[in-house]
Amino acid sequence: MRELVRIGCGAGFWGDSAEGPKQLVDSGQIDYLVLDYLAEITMSLLARARAKDPAAGYATDFPAVLASLAPKLKAQGIKVVTNAGGVNPSACKAAIDEKLAALGIDLKVSIVTGDDLLPRAAEFADVKEMFSGAAMPPKLWSMNAYLGAFPVAQALAGGADIVLTGRCVDSAVVLGPLIHEFDWQPDDYDKLSAGSLAGHVIECGAQATGGVSTDWEKVAGDWDRMGFPIAECRADGSFVVTKPANTGGRVTPETVAEQIVYEIGDPASYLLPDVTCDWCQVRLRQVGDDRVEVSGAKGRAPTDSYKVSATYQDGFRCTTMMMIGGVDAVAKAETVGAAILKRTRRMFGELGLGDYLRTDIEVLGSEANWGANARRRDTREVILKIAVHHADKNALALFGRECIPPATAMAQGITGFAGGRPSPTPLVRLFSCLVPKDAVKIEVDGSPFENPSPASGRGCPEGAGEGAGTAGVPPPLPQAGEGSRTVPLVTVAYGRSGDKGNAANIGVLARRPEFLPLLREQLTAEAVKRYFAHFVEGDVQRFELPGLHGFNFLMSEALGGGGIASLRHDPQGKMLAQILMDFPVDVPEALLST
């Protein structure tokens with residue numbers, strides 16, 4: 001057994017820089033290279049591609065990336081684990097084998113399949129949507145279960161140099177190698193939770209090394225040469241996050257903590273296929289330059305269900321963008337947007353096309369995303385964005401034609417039509433559900449895989465625990481009043497936001513432990529819901545993260561339908577933490593001066 005296993009993540013999404021995997025392999029500091037390519041919208045696009053071409057349906061960038069690195073992978077004995085297989089791991093393997101044969105390099109490529117449930121969708125027709133309780137749509141574009149890490153470990157045990165999966169949880173590409181290397185068992189829950197945390201930290205690439213961090217100015221000078229993350233993992237589950245030598249970025253407790261809170265829902269009950277994670281008491285310690293030790297993860301038995309993400313078409317969408325400048329630019333943009341909708345609605349009526357299903361107008365540059373807290377009605381140049389949703393493609397073709405005439409018929413200063421006349425495209429929605437694990441037929445290289453994970457009862461949505469993350473929280477300490485100053489939240493905290501279906505997560509972490517009591521008192525779930533009243537249609541939950549001196553806020557029905565169905569300019573809530581950083585907090589002068 002190795003004492004230390006070093007895993008580097010070279011891609012956080014399909015489209016990430018090709019410099020990532022090359023940088024990690026060239027560093028000589030890794031034993032495993034992992035790449036995370038998949039998201040819900042990616043799966044639906046890959047499924048459509050496969051429907052048109054049986055040889056398509058995988059991340060087409062990956063075979064070329066692998067071929068360019070193959071000689072060094074072979075020489076250094078670096079193994080690769082990735083979900084680049086998409087909805088067609090077999091075709092991806094064939095493309096890789098062809099390139100390796102041309103290079104004369106012998107590397108064993110294994111595939112994990114069984115996540116693709118689309119051919120079996122009729123078997124699950126009675127399954128309900130896990131958040132809304134809605135019935136499954138009659139025609140799906142894609143349907144994939146989020147598999148765990150044990151099939152990856154089995155492929156590695158079978159001698160694989162490269163493991164290709166379809167849809168699995170993002171962290172599984174890291175946990176799989178750790179299960180294999182350290183012989184972790186299905187009931188080693190704390191270790192499985194820790195390995196999942198290692199995967200969670202590095203799965204988004206440079207987000208763990210200072211990318212998209214709150215304190216951006218501390219990293220901005222390195223943006224042209226950002227380092228990709230490496231997790232140095234031990235058999236007890238502890239690990240150190242670092243990056244290749246002589247690369248840009250910043251690995252500190254703050255940058256790692258921001259990634260830990262990213263999209264986790266209830267940190268005491270983060271559900272994964274192999275383990276239920278409790279990360280409330282995770283501790284971070286700087287142990288060297290760009291080296292942060294992570295410890296304290298706990299785990300419990302997993303549920304007996306896999307989460308499944310299906311996608312389907314719900315009509316069509318169309319988006320137009322134009323610049324409007326001059327005095328009263330904000331008011332002019334709002335009026336132009338309203339006029340375009342009024343004009344096209346009148347035309348729809350005349351043609352019997354019916355009304356829009358949804359519309360969304362944002363005046364970008366006026367702080368539209370801040371709602372009632374916006375302060376920039378005086379800006380003199382803005383981008384008007386109009387997004388619309390309609391059941392009939394012909395209606396949106398008409399909308400696209402009517403977006404351009406305002407240049408000569410409405411406000412002066414209209415220019416810069418982004419992309420010209422917009423065309424309608426399918427609007428894709430996400431349908432999330434649970435299916436029993438024993439109903440999913442996983443195979444490793446064509447041989448049946450029996451899921452070894454114990455189960456305890458029916459599953460529930462990620463982040464849908466009973467508030468375990470708030471247990472044992474001391475009462476709030478009143479800190480406001482005389483001798484205090486109101487400052488924006490960013491003065492005393494930092495954070496990160498992201499999506500989970502139609503829910504938004506915002507992690508907020510105190511810059512110093514002594515700030516935590518006043519944040520607990522003032523930054524309540526109710527206060528956050530009021531602050532985001534223009535977005536949040538559901539409830540807001542606040543979960544405590546004692547180990548990281550912070551909270552995670554889970555805002556349900558907050559993204560206008562979810563990332564792939566939302567009409568907003570920020571459909572995945574990536575900017576929400578930055579909006580919350582302006583939240584006013586009353587802080588004693590004595591605390592601010594120390």
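# Helix α5 and its end

After helix α5 comes G159, which has a positive phi near 95 degrees. The structure is a predicted model, in which local features need pLDDT of at least 70 and side-chain atom pairs count only at pLDDT 80 or more, while totals for chains, interfaces and linings use all residues. Residues are numbered from 1 along each chain as its sequence is written, and side-chain values use heavy atoms, with hydrogens and water left out.

Helix α5 spans residues 150-157 and is mostly covered, as 6 of its 8 residues are buried. These buried residues are F150, P151, V152, A153, A155 and L156. Here, buried means under 20% relative accessible area, exposed means over 50%, and partly exposed lies in between (1.4 Å probe, protein chains only). Helices (H or I, at least four residues) and strands (E, at least two) are DSSP runs, numbered from the N terminus.

# The chain as a whole

The protein chain holds 15 helices and 26 strands. Its radius of gyration is 25 Å, close to the 25 Å that the globule rule gives for 594 residues, so the chain is as compact as a globular protein of that length. The radius is taken over C-alpha atoms, and the rule is 2.2 Å times the number of residues to the power 0.38. Along the principal axes, the C-alpha atoms fill a box of roughly 70 × 65 × 50 Å.

Of the 594 residues, 57% count as buried. Among contacts (heavy atoms within 4.5 Å) with a separation of 6 or more, 76% join residues 24 or more positions apart.

In soluble globular proteins, nonpolar side chains tend to be buried together. A nonpolar core is a set of buried Ala, Val, Leu, Ile, Met, Phe, Trp, Tyr and Cys residues joined through side-chain atoms within 4.5 Å. The largest such core has 79 residues, of which M143, L197, V201, F239, V256 and L284 touch the most other members. Beyond its neighbours within four places in sequence, M143 is in contact with residues including D115, L118, F124, M136 and V308.

A second, separate core has 36 residues, including L489, A510, L519 and F553. L519 lies in helix α12 (residues 516-522) and is buried, at 1% relative accessibility. Not counting residues up to four places away in sequence, L519 touches L489, V492, A493, A510, R542, F551 and V585. The C-alpha atoms of L519 and V585 are separated by 7.7 Å, although these residues are 66 apart along the chain.

# Helix α1

Helix α1 covers residues 19-27, and its buried residues include G20, P21, Q23, L24 and V25. Among the elements that cover the buried residues of α1 are β1 (5-9), β2 (32-35), α3 (61-76) and β7. Just after α1, G28 has a positive phi of about 70 degrees.

Most residues other than glycine have a negative phi, and most peptide bonds are trans. V212 is not a glycine, yet its phi is positive, at about 45 degrees. This residue sits in the loop between α7 (189-202) and β7 (230-233). V212 is exposed, with a relative accessible area of 55%.

H549, also a residue other than glycine, has a positive phi near 55 degrees. The loop between β24 (540-545) and β25 (550-555) contains H549. With a relative accessibility of 30%, H549 counts as partly exposed.
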